[in-house]
Amino acid sequence: MRDALVNMVFPRRCPVCDDVVPMGEGLICRQCREKPQYIVEPRCRQCGKQLMDEAAGFCQDCMRHRHVYDYGYALYDYQSMKKSIYRFKYKKRCEYAAFYAKDICEKLSGELGMMGADSIVPVPVHASRLRSRGYNQAELIAAELSRLTGIAMHEKLVRRIRKTVPQKELTVQERQNNLKKAFHISTNVVKLNKTILVDDIYTTGSTLDAVAMELKRHGVRSVYFIALCIGEGM
Ligand SMILES: [Zn+2]
Ligand SMILES: [Zn+2]
């Protein structure tokens, strides 16, 4: 009843077409359900990227370069959801997080179970970006994921202490330098063992590596990740 009322006052928008979702259709409208393209097996065993060749095991990137994080998964193919993620990130469509997290739980339930994580950590944004945007998109997904799985979220554990240049403008080497000492854990109060990092878009993995480095330096044994989307050859 309360939900129906909230829905009337603040109609929920569809994460795919951005129209108001008709009553009773849930978090996404019926005709949009087939639109998101999911990453399926075979996937790279480290970054989760779609592979064409089952026997390969790892993608080209992961064969060349070892990551600090252990492994992870992305839910969507970037191209199929890029407009959705753009609105989520820059146009204040925070409500999409509920759909994204539910979709992660449904499509990657086995994978989440295998991880057996004791904590969820969203990739932090710098305080100045948080001020200008008003929210951290990764934290919105992480919070919903935490609510659905019961795994505790530690959103204040890692801080982004350096403002970094947008990663897409840089080469791989520049990306790594760009991220050096960008993240910081100030206390040792939480003893985490297995952590899932949550981010919106997986590009090269260097952001996740930088956060994983800081977590592992503070005694976290395994660092996994869940990203909302990943592209081909990103
Ligand atoms: Zn729709
Ligand atoms: Zn890979």
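The model is predicted, and local features need pLDDT of at least 70, side-chain atom pairs count only at pLDDT 80 or more, and totals for chains, interfaces and linings use all residues. Residues are numbered from 1 along each chain as its sequence is written, while chains are lettered from A and ligands numbered from 1 in the order in which they are written.

**Exercise 1. Work out the strand order of the open sheet and name its edge strands.**

Strands here are DSSP runs (E, at least two residues; helices are H or I, at least four), numbered from the N terminus, and two strands pair if DSSP finds at least two bridges between them. The four strands stand in the order 1-6-5-2, with parallel pairing. Strand 1 (71–77) and strand 2 (119–122) each pair on one side only, which makes them the edge strands. Inside the sheet, strand 5 (residues 194–202) and strand 6 are joined by eight bridges, among them Ile196 with Tyr224 and Thr195 with Val223. Strand 2 is joined to strand 5 by four bridges, and there Ile120 stands opposite Ile196.

**Exercise 2. Decide which helices lie across strand 5, and explain why strand 5 is described as largely enclosed.**

Contact means that C-beta atoms, placed from the backbone, lie within 7 Å, and angles, from 0 to 180 degrees, are taken between the N-to-C directions of lines fitted to C-alpha atoms, for helices over the stretch in contact. Helix 3 (residues 78–90) lies across strand 1, strand 5 and strand 6, at about 90° to strand 1. Helix 7 (residues 137–149) lies across strand 2, strand 5 and strand 6, at about 135° to strand 5. A residue is buried if 20 or more other C-beta atoms lie within 10 Å of its own, exposed if 12 or fewer, and partly exposed in between. Eight of the nine residues of strand 5 are buried, so the strand is largely enclosed by the rest of the structure.

Definitions and conventions
Contact = placed C-beta atoms within 7 Å.
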